[in-house]
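Have a look at the model first, then read on.

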Amino acid sequence: MSVSENRERPTEDGLIGIALEAMKTAYAPYSGFLVGAALETEDGKIYTGRNIENASYGATVCAERTAFFRAVGEGERNFRRIAVVGGKGGEITSFSWPCGICRQVMREFCGDDFEILTFDGNSVASAKLKDLLPSPFSKDILEP
Ligand code: THU
């Protein structure tokens with residue numbers, strides 16, 4: 001995987017900060033693991049997301065997907081990057097790379113170069129979608 005870290009500008013240009021703010025309204029009473037996301041469209045709009053858990057655990061939705069579903073529901077189709085942060089009780093101590101289901105949802109709307117940023121409390125790491133989800137199952141295969 002090709003991941004780069006940036007210790008010089010730890011919160012990038014605000015996208016990580018917006019994800020940290022979004023994390024504060026996560027609903028995670030079962031795991032206690034709060035996650036926030038900030039999704040940027042190609043034209044610079046930002047949609048936030050946070051994880052929303054459920055007593056029926058499988059009904060939980062991750063922060064990345066709540067951001068994508070809000071944005072797609074508003075008609076957005078073109079995305080540049082997403083910032084994701086998470087930690088137990090909201091304390092950020094490690095990078096929060098998106099889970100496999102979220103990577104698959106990203107692939108539905110984003111190309112190889114869509115960028116994923118995450119933060120461990122000190123530095124920002126980034127990776128491209130093609131490196132987080134190689135050999136994807138994507139919509140092309142369903143075309144006649
Ligand atoms: N979670 C996310 O929000 N995003 C991910 O990519 C991985 C996991 C959430 C789901 C659940 O509420 C909690 O983190 C613990 O798995």
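## Overall build

With 144 residues, a compact globule would have a radius of gyration near 15 Å, and the chain agrees because its own value is 15 Å. That radius is taken over C-alpha atoms, and the globule rule is 2.2 Å times the number of residues to the power 0.38. Along its principal axes, the C-alpha trace spans about 45 × 40 × 30 Å.

Before going further, some ground rules: this is a predicted model, where local features need pLDDT of at least 70, side-chain atom pairs count only at pLDDT 80 or more, and totals for chains, interfaces and linings use all residues. Residues are numbered from 1 along each chain as its sequence is written, and side-chain values use heavy atoms, with hydrogens and water left out.

## Fold and packing

You'll find four helices and six strands here, running β-α-β-β-α-β-α-β-β-α along the sequence. These are DSSP runs numbered from the N terminus (helices are H or I, at least four residues; strands are E, at least two). Of the contacts in the chain with a separation of 6 or more, 64% link residues 24 or more positions apart, with contact meaning heavy atoms within 4.5 Å.

Buried residues make up 44% of the 144 (buried is under 20% relative accessible area, exposed over 50%, partly exposed in between, with a 1.4 Å probe and protein chains only). Helix α3 (residues 100–109) has Cys102, Arg103, Val105, Met106 and Arg107 buried. Their cover includes α2, β4 (79–88), β5 (115–119) and α4 (129–132).

## Around the ligand

Ligand oxygen atoms pair up with the protein in several spots. A polar side-chain atom of Glu53 sits 2.5 Å from a ligand oxygen, an N or O atom in the Asn51 side chain is 2.9 Å from one, and a backbone N or O atom of Cys99 is 2.9 Å from one. The protein covers 75% of the 370 Å² of accessible area that the ligand has on its own (Shrake-Rupley method with a 1.4 Å probe; for residues, only the protein chains shown count as cover).

## Asn51 up close

Asn51 is in the loop between β3 (46–50) and α2, and counts as buried because its relative accessibility is 5%. A polar atom of the Asn51 side chain is also 2.9 Å from the backbone nitrogen of Val35. Beyond its neighbours within four places in sequence, Asn51 is in contact with residues including Phe33, Val35, Cys62 and Ala63.

## Two other spots

Asp120 is in the loop between β5 and β6 (124–128). Polar side-chain atoms of Asp120 lie 2.8 Å from the backbone nitrogen of Asn122 and 2.8 Å from that of Ser123.

Then there's Ser135, in the segment after α4. Ser135 isn't a glycine, yet has a positive phi of about 50°. Ser135 counts as exposed because its relative accessibility is 74%.

Technical notes
A polar contact is a pair of N or O atoms within 3.5 Å; within protein, one must be able to donate a hydrogen and the other to accept it, and residues adjacent in sequence count only if both atoms are side-chain atoms.
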